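Please open the model in your viewer and keep the sequence panel beside it, as the stops below are given by residue.

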Amino acid sequence: MLRSRKAQSTLEYIIIFTAVVGAILWGANTIIKGKMQNIINHVGTQAETAVNHINFQ
């Protein structure tokens with residue numbers, strides 16, 4: 001009986017740990033996604049500005 005309870009306790013810790021890691025990854029994904037979108041928009045604007053300044057004569 002003691003061994004069964006110990007295994008249950010270990011499983012509970014693993015589930016809690018997985019939930020915490022999942023929450024951290026979800027939060028990091030949200031932050032990184034926003035920053036990456038800003039970087040991509042900035043690069044696109046800079047590329048468009050550079051192309052618009054080229055004289056094709």
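Predicted model: local features only at pLDDT ≥ 70, side-chain atom pairs only at ≥ 80, totals over all residues.

Residues are numbered from 1 along each chain as its sequence is written, and side-chain values use heavy atoms, with hydrogens and water left out.

Select the protein chain: its secondary structure comes to 1 helix and 0 strands (DSSP runs, H or I of at least four residues for helices and E of at least two for strands, numbered from the N terminus). The chain exposes about 5,600 Å², of which carbon and sulfur atoms supply 68% (Shrake-Rupley method, 1.4 Å probe; for residues, only the protein chains shown count as cover).

Next, select Thr-30, which lies in helix H1 and counts as partly exposed because its relative accessibility is 46% (buried is under 20%, exposed over 50%, partly exposed in between; 1.4 Å probe, protein chains only). A polar atom of the Thr-30 side chain lies 3.0 Å from the backbone oxygen of Trp-26.

Finally, select Val-43, placed in helix H1, residues 2–52.

Conventions. Polar contact = N/O pair within 3.5 Å; in protein donor to acceptor, adjacent residues only side chain to side chain.
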